[in-house]
Amino acid sequence: MAGITEEGASGSAAPPRRASWRLIGPGIVVAATGVGAGDLVATLVAGSRYGYTLLWAAVIGCLVKISLAEAVGRWHLATGRTLFEGWRSLGRWTTGYFGVYVVVWGFVYGATAMSSSALPLAALFPDGPGLRTWAVVTGLVGLVFVWWGRYPVVEKAMAVLVGVMFVVVVYVAVRVAPDLGAVLAGLAPVLPDGSLLYSLGLVGGVGGTITMAAYGYWVNAKGWSGPGWMGVMRLDNRVAYLTTGIFVVAMLIIGAELLHSSRIALEGGDRGLVDLGEVLADRYGSATATLFLVGFFAASFSSLIGVWHGVSLLFADFATRLRRGRAHGPAGGAAAAGGGAGDAEGTGAPERTTAFRAYLLWLTFPPMLLLFLDRPFGLVVAYGVLGAFFMPFLATTLLWLLNSRRTPPEWRNGPLSNMMLAAAGLLFVVLCVQQVRELPW
């Protein structure tokens, strides 16, 4: 996988002499995938309840995600090995956890992503097909697009969707006329009564979960291979999460100005964004509401495409290495685990592998059953538990890998990276415990 260039041909592009924003791409893909409708709703609700008071938490959240994504990208570039190879080197328990997680998560997330993409379409076309029909259509469109499109096409499509998201959300934030003094005051760390969990959620929740692990695979797919690309990767990552930060701040402004001051409550879940569209229509007219729904669709559908592509890359690496390990026994498995990222696919085109396409089908068709049925109780609990543990798993394994002999000495963690990853791990453990407690046991 490390040997895939932007044109999809075998071989890596030559590292540039200096980093340039014209080279960025994978960071935009991972940020767009991570900022879905659910994240926007969570930020909106925080703004509606506490105004600008928790703005500082959103800013810290972006710094945490920059640190995590940089660690993922640094591992891929410094070692020439994929993240799943790194996990395997820590013991078989990582393979077992990831295998169960990626199957259960994909089944439930597929239905969630399709429903989220369908909601704004149903609101935009009230006389058209129903919500379930739109959900099936968006899933099939995502499947066909990712099935036939390789990374360069995916990146261009995501850039367009991010552009739409950015313009719409920032426009609406400006339209509601924010109180700049209150915005600046919100950068001071203050915790109103009852806001601790909202603060932690803002720090840890916006900007991706398993899709952060896919960042290194997109870095490889871009054609970046070796430490010579480290500066470009870091610039790419910072630009991406700066964009994410602007999204989050804009949604907090919208929640604070439109909802907090008027004491308007939204429905839970992604439908809260449809409610916001109605509030915008009442306050600023149907054109602004329609524009917002278009941005809502861009946020949801970009997450769908990103997951369909990025997590399928992760699964393809997982399945390929697991199959090789079984075929060759312990010696062969160790040899496979020690190879470069490009060895994982052999053909140099992971999107064409059976494992990649099998997971694409898994994300699309079985979850459609959940669109017509109530989610089984046991599945909801399993999904919640596995999902809650993933970010602590990612943060702690990155700490382990990047402070060990598995990483060349010059690219191991420094004090700042260790501090940020340790803080992220602790934060996600707290959120994990809270999320598990809130499950419908």
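Helix H2 passes helix H12 in a right-handed crossing, and this description, like everything that follows, rests on a predicted model. Two packed helices are described by the angle between their axes and the distance between the axes. For H2, which covers residues 37–50, and H12, which covers residues 230–260, the angle is about 45° and the axes are 7 Å apart. The two helices are therefore oblique to each other, because angles from 65 to 115 degrees would count as roughly perpendicular and angles under 35 degrees as roughly parallel.

Which residues of H2 and H12 meet? On the side of H2 they are Leu-40, Thr-43, Leu-44, Ala-46, Gly-47, Ser-48, Arg-49 and Tyr-50, and on the side of H12 they are Val-248, Met-251, Leu-252, Ile-254, Gly-255, Ala-256, Leu-259 and His-260.

The aromatic rings are a second topic. The structure holds 20 aromatic pairs, and two of them are set out in the table.

| Pair | Distance between ring centres | Angle between planes | Arrangement |
|---|---|---|---|
| Trp-87 and Phe-393 | 5.0 Å | 55° | tilted |
| Phe-315 and Tyr-359 | 4.8 Å | 20° | stacked |

Trp-87 belongs to helix H4 (residues 83–89) and Phe-393 to helix H17 (residues 377–402), so this pair ties together parts that lie 306 residues apart in sequence. Trp-87 has a relative accessibility of 0% and therefore counts as buried, and Phe-393, with a relative accessible area of 6%, is buried as well, because the term applies to values under 20%.

The pair of Phe-315 and Tyr-359 is called stacked because the planes of its rings stand at 20°, and the word is used for planes under 30 degrees apart. This pair also links distant parts of the chain, with Phe-315 in helix H14 (residues 286–337) and Tyr-359 in helix H15 (residues 354–364), 44 residues apart. Are Phe-315 and Tyr-359 buried or exposed? Both Phe-315 and Tyr-359 are buried.

Thr-33 is found in helix H1, which covers residues 26–34, and with a relative accessible area of 4% Thr-33 is buried. If residues up to four places away in sequence are not counted, Thr-33 touches Met-158, Thr-211, Trp-218, Ser-302, Ser-303, Gly-306 and Val-307.

Methods: Residues are numbered from 1 along each chain as its sequence is written. This is a predicted model: local features need pLDDT of at least 70, side-chain atom pairs count only at pLDDT 80 or more; totals for chains, interfaces and linings use all residues. Side-chain values use heavy atoms; hydrogens and water are left out. Axes are lines fitted to C-alpha atoms, for helices over the stretch in contact, and angles run from 0 to 180 degrees between N-to-C directions. Helices (H or I, at least four residues) and strands (E, at least two) are DSSP runs, numbered from the N terminus. Angles under 35 degrees count as roughly parallel, over 145 as roughly antiparallel, 65 to 115 as roughly perpendicular and the rest as oblique. A crossing is left-handed if the near helix is turned anticlockwise from the far one by less than a right angle, and right-handed if clockwise. Contact means heavy atoms within 4.5 Å. Rings of Phe, Tyr and Trp (its six-membered ring) pair if their centres lie within 6.5 Å; planes under 30 degrees apart count as stacked, over 60 as edge-to-face and the rest as tilted. Buried means under 20% relative accessible area, exposed over 50%, partly exposed in between (1.4 Å probe, protein chains only).
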